[in-house]
Amino acid sequence: MTLRPPTADRYARVAVVATPFGFGPASKAYSIGQVLARHHGLDVAYYGTDSALDFFTAQHDTHAEPLGRRPPGQDPPELRSADAVVNVLAPELIGTGELAARTYYVDSLGFMWDAADVPPDSPLRRVRAYLAQDLFGSADHLARLGLRGVIPVSGIVAPPPAIPPPAPPEDTGTRTPDRTRVLVQLGGLGNPAGHTSGQVYLALAERLLTEVRHDAVEMNVAMNHAHGAFSLRADLPARQLSATEFRTALRHSDVVLSSPGMTTLVEVSQAARPYVPLPPQNWSQVLICRHLAAGCAHELWPFLTEPYDRIGDAAPEAEKAVAVQEINRRLGRDDTYVKRYAHLARHALGNPRTPHVGAPFDGAHQVAAVVAADLAARRSADEPTTERTAP
């Protein structure tokens, strides 16, 4: 694709959607939508279901609507009227070739797919543009799968708010002397195994956090409540944070303790905050653990990957998600594992490292530039031209 310089076009309407797979894809979709609206003057609307809708509606500067049901093979009615669709990891929302031709697909996990995920009839082979967050060799990997013209972009994070928040969000409080302030990020808790997987993961995380916490550690938890579907029983302050609130909480933390989701790792890396991992929630996080274990001196990373090594890489993603769920269920009942994790995590909290992924963290602007420039080019090509004839 040959790109023209981005041009504001206030008549173009862009629908933004994301897969309800935790908060990561929705966070990236929101980030791109914010740049399209604020920097390119486009009319942006957000649509979603489950955790994606939860994330969109938690933002204080957006309005989001649920996606309606549709017959198989048809496009969601909310997307049919849009001039363009920014779609983050939700190929199931591309029902027709007509919609594919207006879809800018953003893949934040391109390193994890195999040929079965992008068969010859996949709608991903017909989209207007395929943009990949190029971490762990994603762009080259997608090219090996036969996806041509993939546009690599850097780490996708939310742009700074137009007006900085006047004060830290609730629960950041005043720093307690001689205590390590830990921001625990549990995210959206959604994956192909459904809410059951999130509940199993919370039970495991609760045991680990209770074991790790001590008088010198102060913990605040960010997580999705999903309208009561998820709750943390441990005596820890837990709330769902908007993107702006999370950035503020990040600035006021000493260390981030989190499930190893790609979005959180990019955000923590951008903010140069020390980081300590929790076990993976899903298969993509298992792969992320493996990548980071290969280049990290901390013993905690390889310790986290080992329980999942028996899961077959070639199995369908839904099967791998269930396998991760069942391993997490077993680990939550394993006293030896819990104590060993707590020992390694406490050591890591005393010697935390910042993950280095995603730089220069300009992916939201890069994706938005592609969309805005292409919309301007399409509009220019569609406008009728008139020639003045000399009298």
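Val-255 of strand 11 has Val-182 standing opposite, while Ser-258 stands opposite Pro-277 in strand 12.

These pairings belong to a wider arrangement. An open sheet is formed by 5 strands in the order 10-9-8-11-12, with parallel pairing. Strand 10 (238–239) and strand 12 are the edge strands, each pairing on one side only. Strand 8 also pairs with strand 9 (residues 217–223), in the parallel sense and over 7 bridges. Within that pairing, Leu-183 has Asn-220 of strand 9 as its bridge partner. As background, the strands of a sheet pair through backbone hydrogen bonds, and they may do so in a parallel or an antiparallel manner.

Helix 12 covers residues 335–350, a total of 16 residues, and reaches 23 Å from its first C-alpha to its last, close to the 22 Å expected at 1.5 Å a residue. At the start of the helix, a side-chain oxygen of Asp-334 comes to within 3.0 Å of the backbone nitrogen of Thr-336. The buried residues of helix 12 are Tyr-337, Val-338, Tyr-341, Ala-342, Leu-344, Ala-345, Ala-348 and Leu-349. What covers these residues? Strands and helices both contribute: the cover includes strand 8 (180–187), strand 11 (255–258) and strand 12 (275–277), together with helix 6 (195–212), helix 10 (300–305) and helix 11 (317–331).

Attention now turns to the aromatic residues. The structure holds 9 aromatic pairs. For Phe-55 and Phe-56, the ring centres are 6.5 Å apart and the planes stand at 75°, so this pair is edge-to-face. Both Phe-55 and Phe-56 are buried. They also belong to a cluster, in which ring pairs link them with Phe-23, Tyr-30 and Tyr-46.

Gln-59 is found in the loop between helix 2 (50–58) and strand 3 (64–66). Is Gln-59 buried or exposed? Its relative accessibility is 3%, and therefore Gln-59 counts as buried. A polar atom of the Gln-59 side chain lies 2.7 Å from the backbone oxygen of Phe-55. Beyond its neighbours within four places in sequence, Gln-59 is in contact with Tyr-30, Ser-242 and Ala-243.

Ser-138 counts as buried because its relative accessibility is 0%. Where does the side chain of Ser-138 reach? It reaches the backbone oxygen of Leu-135 at 2.8 Å. When neighbours within four places in sequence are set aside, the contacts of Ser-138 are with Leu-109, Gly-110, Phe-111 and Gln-133.

Of its 391 residues, 57% are buried. Among contacts in the chain with a separation of 6 or more, 69% are between residues 24 or more positions apart.

The confidence of the prediction also deserves attention. The chain averages a pLDDT of 87, and 88% of the residues score at least 70. Over residues 1–8, however, the pLDDT is below 50, and this stretch has 16 contacts in the model beyond near neighbours in sequence. Residues 168–175 likewise have a pLDDT under 50, and for them the model has 16 contacts beyond four places in sequence. Where pLDDT is low, predicted coordinates should not be read in detail.

Conventions:
Residues are numbered from 1 along each chain as its sequence is written. This is a predicted model: local features need pLDDT of at least 70, side-chain atom pairs count only at pLDDT 80 or more; totals for chains, interfaces and linings use all residues. Side-chain values use heavy atoms; hydrogens and water are left out. Buried means under 20% relative accessible area, exposed over 50%, partly exposed in between (1.4 Å probe, protein chains only). A polar contact is a pair of N or O atoms within 3.5 Å; within protein, one must be able to donate a hydrogen and the other to accept it, and residues adjacent in sequence count only if both atoms are side-chain atoms. Contact means heavy atoms within 4.5 Å. Rings of Phe, Tyr and Trp (its six-membered ring) pair if their centres lie within 6.5 Å; planes under 30 degrees apart count as stacked, over 60 as edge-to-face and the rest as tilted. Helices (H or I, at least four residues) and strands (E, at least two) are DSSP runs, numbered from the N terminus. The expected span of a helix is 1.5 Å times one less than its number of residues. pLDDT is the predictor's confidence in each residue, from 0 to 100. Two strands pair if DSSP finds at least two bridges between them.
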